[in-house]
Amino acid sequence: MKRAFKFIAAAGVAALVLSACGNGDGDAETPTVDETATVEPEETETPEETETPEAGGEEASSDALPCIVSDFGGFDDRSFNQSAMEGVQAAVAELGTAEQRSVQSQPGADFAVNLTSMVEAGCTHVVAVGFQMAAAAVQVATDNPDVYFLLIDHDGYVDGNPPPANLRPILFNTAEAAFLAGYLSAGLSESGLVGTYGGMAFPTVTIFMDGFRQGVEHHNAEHGTSVEVVGCPSPGCEDGMFTESFAADAAAAAVATAIVDQGVDVLLPVGGPIYQAGLAAINASGRDIALIGVDADLFFTDENTQDVLLTSILKNIAAATQSTIVEAVRGSWDNTPYIGTLANGSVGIAPYHNLQGRVDAVEGLADRVEAIRQGIIDGSITVTSYLD
């Protein structure tokens with residue numbers, strides 16, 4: 001696996017976050033722990049008490065306390081934070097544990113403080129959501145070897161050092177699914193322009209954008225088309241268009257509008273709620289532009305997208321989070337990174353829903369997308385990403 005992550009140190013991450021999320025005069029908000037974010041599940045029968053295992057132990061723990069710390073965007077972001085929370089809730093229900101706890105990180109938050117607060121609250125399994133939390137998660141896990149940590153969207157390597165034994169990375173090769181969405185978009189495009197933009201230029205964002213670009217290029221090579229990808233001018237997309245946050249704010253609106261104004265007829269925003277700015281730009285344009293969601297199927301998580309949503313590039317974060325928590329509690333801990341792929345069903349694209357007729361109007365397109373999916377799975381079609 002490539003070690004493409006560029007974390008210098010925890011302080012460096014804090015500086016990046018503070019610069020990206022400060023208030024109007026340049027100062028970040030004072031980091032706080034959001035105690036009101038605690039989620040209390042339905043009451044269940046309390047299981048018998050058994051000894052809590054050390055990391056890697058074989059005995060299951062009956063007093064497990066799963067907890068979660070969100071990235072910015074909150075547990076109602078209709079994207080990766082929400083999906084991770086649903087995974088924790090599903091694990092609690094499956095295990096019959098008495099409760100769970102959570103902290104919703106606010107802009108400018110100190111992730112290490114939030115994670116440590118979960119350890120101090122007695123949490124046995126802590127889910128750290130998002131690339132930005134990696135340095136803090138590794139440090140807190142190192143300081144608390146008897147607590148299990150699940151780190152979503154980062155491989156756990158910080159300063160070139162491997163993750164501690166009690167931390168398991170959960171990663172998703174979404175480039176494979178985004179490739180399908182890019183191929184589909186190129187097949188539908190009448191303007192010859194499709195667009196994408198991201199929140200911040202993190203590998204877990206650009207992997208969607210670049211996979212999308214590769215899919216468009218595959219269609220061009222296969223059919224002699226010349227569809228261009230606005231917002232991702234070169235392989236990797238690091239020089240693409242970004243809002244510099246994960247909020248549907250004025251910056252997101254400006255980027256989305258700039259791409260829509262160039263004449264694209266498909267738009268892929270990558271970064272939690274920033275899709276809302278894309279949706280607003282599409283609606284304001286008065287043109288027939290299709291939207292592509294990420295992480296979860298926007299058709300179900302946001303009914304306002306249903307008339308324009310082509311598909312969503314899916315990451316099954318909930319299932320991965322649930323299964324790794326349950327395995328850890330039942331004594332099957334393994335810190336080998338979990339990598340979601342098309343082959344294991346942890347990434348994919350959603351149905352075309354209300355735009356099925358538009359897809360069907362292009363003869364053979366849906367069948368070709370399915371053939372591409374099979375080709376990626378069997379290795380006859382290559383999709384590259386930082387996870388290679």
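**Note on the predicted model**

1. Phe 300 is exposed, with a relative accessible area of 63%. The cut-offs are under 20% for buried and over 50% for exposed. The two rings pair, with centres 5.4 Å apart and planes at 85°, so the geometry is edge-to-face. This is a predicted model.

2. The count of aromatic pairs comes to six. Phe 131, Phe 202 and Phe 246 form one aromatic cluster.

3. Overall make-up. The protein chain has 12 helices and 12 strands. Of its 388 residues, 56% count as buried. The accessible surface is about 15,400 Å², and carbon and sulfur atoms account for 49% of that. Among contacts between residues at least 6 apart in sequence, 71% join residues at least 24 apart.

4. Which residues have the most contacts inside the largest nonpolar core? They are Phe 212 and Leu 310, in a core of 73 residues. Helix H5 (residues 174-188) supplies the largest share of this core, 10 residues. A separate core has 26 residues, among them Cys 67, Met 118, Phe 149 and Leu 151. In soluble globular proteins, nonpolar side chains tend to be buried together.

5. Beyond its neighbours within four places in sequence, Leu 310 is in contact with Leu 184, Ser 185 and Leu 188, among others. The list also includes Val 266, Ala 290, Leu 291 and Ile 292. Pro 351, Tyr 352, Leu 355 and Val 359 are on it too.

6. Helix H8 (residues 275-285) has these buried residues: Tyr 275, Ala 277, Gly 278, Leu 279, Ala 281 and Ile 282. What covers them? The cover includes strands S6 (193-198), S8 (266-270) and S9 (290-295), along with helices H7 (250-260) and H9 (298-301). After H8 comes Gly 286, with a positive phi near 75°.

7. Most residues other than glycine have a negative phi. Two residues to check against that are Asp 159 and Glu 244. Asp 159 has a positive phi, near 55°. Asp 159 sits in the loop between strand S4 (148-152) and strand S5 (167-172). With a relative accessible area of 46%, Asp 159 is partly exposed.

8. Glu 244 also has a positive phi, near 70°. Its place is in the loop between strand S7 (228-230) and H7. At 45% relative accessibility, Glu 244 counts as partly exposed.

9. Is Ser 346 buried or exposed? Ser 346 is buried, because its relative accessibility is 5% and the cut-off is under 20%. Ser 346 lies in the loop between strand S11 (338-340) and strand S12 (347-349). The side chains of Ser 346 and Tyr 338 are joined by a polar contact of 2.3 Å. Not counting residues up to four places away in sequence, Ser 346 touches Phe 172, Leu 314, Lys 315, Asn 316, Tyr 338, Gly 340 and Thr 341.

How values were computed:
Residues numbered from 1 in each chain as written. Predicted model: local features only at pLDDT ≥ 70, side-chain atom pairs only at ≥ 80, totals over all residues. Heavy atoms only, no water. Helix = DSSP H or I, 4+ residues; strand = E, 2+ residues; numbered from the N terminus. Buried < 20%, exposed > 50% of the residue type's maximum accessible area, 1.4 Å probe, protein only. Polar contact = N/O pair within 3.5 Å; in protein donor to acceptor, adjacent residues only side chain to side chain. Contact = heavy atoms within 4.5 Å. Core = buried A, V, L, I, M, F, W, Y, C linked by side-chain atoms within 4.5 Å. Areas by Shrake-Rupley, 256 points an atom, 1.4 Å probe, with all protein chains shown as cover. Phe/Tyr/Trp six-rings, centres within 6.5 Å; stacked < 30°, edge-to-face > 60°.
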